[in-house]
Amino acid sequence: MKPNDSNERLMRILQASPEQLTAIDRVLSGTAATPAPATNGPLLMMVTDAAKLLGVSRATIWRLTKVGKLVPVEILPGTYRIRRTDIELLADGQSCGGQTK
């Protein structure tokens, strides 16, 4: 590395925003976030498939939509799908946050 490069890098670090400094600290401490693995399968799932993925009944999926833990996506009048990311978040013990369209 050339001396100019290291000086330039040091100047960029000194001028970094607080968010950038936090990210640099995470990298230096070895706790940098790893990118989420790519999702396999469709982005929108049929209710039956969502139920199979969670290991519950279709009725339970509809109960979860009624209480706001899942948000159904109406693709045609009376035809609904569930976002795969919402199902995966629920499986990980997180809430989808009541996202809307």
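The structure is a predicted model, in which local features need pLDDT of at least 70 and side-chain atom pairs count only at pLDDT 80 or more, while totals for chains, interfaces and linings use all residues. Residues are numbered from 1 along each chain as its sequence is written, and side-chain values use heavy atoms, with hydrogens and water left out.

The protein chain contains 5 helices and 3 strands; these are DSSP runs numbered from the N terminus, helices being H or I with at least four residues and strands E with at least two. Along the sequence, their pattern is α-α-β-α-α-β-β-α.

One pair of helices may now be examined. Two packed helices are described by the angle between their axes and the distance between the axes. Helix H3 (residues 47–54) packs with helix H5 (residues 84–91) at an angle of about 25°, and their axes are 10 Å apart. The axes are lines fitted to C-alpha atoms, for helices over the stretch in contact, and angles run from 0 to 180 degrees between N-to-C directions. H3 and H5 are therefore roughly parallel to each other, a term for angles under 35 degrees.

Which residues meet where H3 faces H5? Ala50, Leu53 and Leu54 in H3 meet Arg84, Ile87, Leu90 and Ala91 in H5. By class, this contact has 6 nonpolar, no polar and 1 charged residues; Ala, Val, Leu, Ile, Met, Phe, Trp, Tyr, Cys and Pro count as nonpolar, Asp, Glu, Lys and Arg as charged, and the others, Gly among them, as polar.

Technical notes. Parallel < 35°, antiparallel > 145°, perpendicular 65-115°, else oblique. Contact = heavy atoms within 4.5 Å.
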